[in-house]
Amino acid sequence: MQKGIWGAVAAVGLTLISPAALAAGGGPDGAQLVAWWGLPFAGLLLSIALGPLVAPAFWHHHFGKIAAFWGAAFLLPFALVYGAGAAWHGAVHALIAEYIPFVVLLTALFTTAGGICLHGNLRGGPWLNTGLLGLGTVFASIMGTTGAAMLLIRPLIRANDNRKHNVHVVVFFIFLVANAGGSLTPLGDPPLFLGFLQGVEFFWTTRHLWPETLMACSILLVLFFLIDSYYFRQKVEEKIEALDPTPHVAPLRLEGKRNFVLLAAAVGLVLMSGIWKPGVVFDVFGTPLTLENLARDVGLVVVTLISLAITPRTARVGNDFNWEPMKEVGKLFAGIFLTIIPVVAILRAGEAGALGWVIRLVTGPDGAPDNVMYFWATGILSSFLDNAPTYLVFFNTAGGDAATLMTSGAATLAAISAGAVFMGANTYIGNAPNFMVKAIAEQRGIRMPSFFGYMLWSGAILLPLFVLMTLIFF
């Protein structure tokens, strides 16, 4: 239903009737917008949060239509009130500046990682499992949480499929590989890539979040080792290893290794776009498009196509590779990037905007940002909504100027980044890979906790960790 969203955009554009609004910057000042313009954005995020829980079958078949509905619910009334020129400009800016780069990068990482398959079986135990989780945690900031999760979840499940107690292995995998491990680069997690697109330097999060990341991941890995050792001793006592459904008969073999070169190329392209500044800018319907960003996105498309061409079919079959996760991301984020337009404009207006209370919530009595509130407000919303748009909301709440946030506002930007990335692990819906990992585990016969059952795990393990991080860092 992505076509439905952009079809509506095109229809508005073809009836362009307000050149003045376009020339004036594509819309009214955020201070002029009332809060109800944010209802389509809130409605879409609530649909994402509740749809899979309340009506999973309906959601699975119609989430694209739902995203299209909320996109049109903002775009068409906005065009009627402020002119189609303003609506067209806003939609084109969201498409060119944010949506296409976001989806192109995710597709490249998803495709190349999905072409690397580890055949054979490992013997799951505390040391091996902890090592795989640690490896995935490191990989997450290099190839993205989605790429690292898709690369390692199946070998990890096969290694532990003869164990009676293996749910904790997948739960900690979500904590570490699908979330916390992606906190060091824009490649790691979608919120940080959105920050990169807004002007945050590539290695800024590496320099400013490594202490928080090191502490959180070290504690989680040690805690996992202790829990896994306990359950592993029970397995040995029960002597259930003979029940292994995937016995150790096939030698370990890595297929699709050429995709590692393509992953390195993807990393290089993103780095290039942050370092190379030729000063060439194209105007696309009023939206500036720099040469370095155009080169990056074209290069990532080429990387994706090469991966599809050179990867052995058996590697993708071994990974159960399919396009459904990317289709869901593409359709839902088309709606998100449309409906968030007025929310960002209002937040940029500061206390003069209709959401001034949000500014006051995360601002101290002296007018300085309250970094504890930024960390927890960003994190709580990231837990129940999607952490990428949540990051964007609070990034703009803090002023939206990357140069300022990276310097005088560094502590605030660190709090926002940490809250979005780390607390995306609090629920299944906090980050896209969470549900993907859950679905793969259930397909392999693991009885994963329910939505609220998973929250018992995250509440018992992650919330005390986040309190400790608050006391130490924020």
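A: Let's start with Glu 201, which is partly exposed at 41% relative accessibility (between 20% and 50% relative accessible area, with buried under 20% and exposed over 50%, using a 1.4 Å probe and protein chains only). The model is predicted, so local features need pLDDT of at least 70 and side-chain atom pairs pLDDT 80 or more, while totals for chains, interfaces and linings use all residues. Residues are numbered from 1 along each chain as its sequence is written, and side-chain values use heavy atoms, without hydrogens or water.

The partner of Glu 201 is Arg 207: their side chains form a salt bridge at 3.2 Å, N to O (a side-chain nitrogen of Lys or Arg within 4 Å of a carboxyl oxygen of Asp or Glu). Arg 207 is also partly exposed, at 45%. This pair is one of seven salt bridges in the whole structure.

Another joins Arg 253 to Glu 255, with 3.9 Å from N to O. Here Arg 253 is partly exposed, with 44% relative accessible area, whereas Glu 255 is buried at 11%.

Now move along to Lys 438 and Glu 442, whose closest N and O atoms lie 3.0 Å apart in a salt bridge. Both sit in helix α19, residues 432-443, and because they are four residues apart, about one helical turn separates them (a helix is a DSSP run of H or I with at least four residues, numbered from the N terminus). Lys 438 is buried, at 13%, while Glu 442 is partly exposed, at 36%.

Notes
Helices (H or I, at least four residues) and strands (E, at least two) are DSSP runs, numbered from the N terminus.
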